[in-house]
Amino acid sequence: MYDLSPVLDTEAVTEVRPGTSVLVAGPAMTGKDQLALDILAAGSRQGEGALVVSTSDEASTIMEDYQARVGHEGGYPLGIVDCFADTDEPAPDRPGSYVHHVSSPADLTGIGIGITKCLESLHDNGADRGRMGLSSLSTMLTYTDRKTVFKFCHVLSSRLDAAGYLGVFTIDTGAHDEQTIQVIKQAFDGLVELRQSDAGREARVVGIADSPTAWAAL
């Protein structure tokens, strides 16, 4: 089981089944991508594998930021699918890391290939369990229609289920119509909703436990 309670303070996420995929949804400036990375980093501090799929930052930036979140340089295997910077530059040299470059967030086939290669690398580096974060589906939806993105999420969730990984995907609810959000939600086992209130940033979990949790401060 995966314990997400170090990041989300609720008993609903203390025992999340391996193979579960969760959608982190909220409007802009609510910290969706940061929350996804914090969930991955909490696993890395326990020696789990981590796989980051990014449509907005290049691999070197991700690696530097992720190391700061984990709190130490080594001891955890890391895979990165960089959909932001298609480059011939060599990947950052870090033991236990593997970087795969994809030309565009629209290249879903290339992203799928990169994820498969990263999972193989993580396994070769001793990670028999781990967490994958994809940021963000909203970028993919600017290139590709919602039906195609839904199929991609569905296939990827099945692949993570087979590998026993935890999947964390992000989407900006303010960037899409309600029908698109409802279609994309159907590809996931659960939902973490974020909002900004007068009390600050809050989250609630839907679909993991029997009933939605109350809104709680992050």
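Author: Start with Asp 65. This residue is partly exposed, because its relative accessibility of 31% lies between the 20% and 50% cut-offs. The model is a predicted one.

Asp 65 forms a salt bridge with Arg 69, with N and O 2.9 Å apart. Both residues sit in helix α2, which spans residues 59–70. They are 4 residues apart, so about one helical turn separates them. Arg 69 is partly exposed too, at 22% relative accessibility.

Now turn to Arg 131. Its salt bridge partner is Glu 48, and the closest N and O atoms are 2.7 Å apart. This pair links distant parts of the chain, 83 residues apart. Arg 131 belongs to strand β5, residues 130–135. Glu 48 lies in the loop between α1 (32–44) and β2 (49–54). Arg 131 has a relative accessibility of 1%, so it counts as buried. Glu 48 is buried as well, with a relative accessible area of 5%.

Another pair is Arg 195 with Glu 202. Their closest N and O atoms are 2.8 Å apart. Here the partners fall into two classes. Arg 195 is partly exposed, with a relative accessible area of 33%, whereas Glu 202 is buried at 11%.

These pairs are among the 8 salt bridges in the structure.

Technical notes: Residues are numbered from 1 along each chain as its sequence is written. This is a predicted model: local features need pLDDT of at least 70, side-chain atom pairs count only at pLDDT 80 or more; totals for chains, interfaces and linings use all residues. Side-chain values use heavy atoms; hydrogens and water are left out. A salt bridge is a side-chain nitrogen of Lys or Arg within 4 Å of a carboxyl oxygen of Asp or Glu. Helices (H or I, at least four residues) and strands (E, at least two) are DSSP runs, numbered from the N terminus. Buried means under 20% relative accessible area, exposed over 50%, partly exposed in between (1.4 Å probe, protein chains only).
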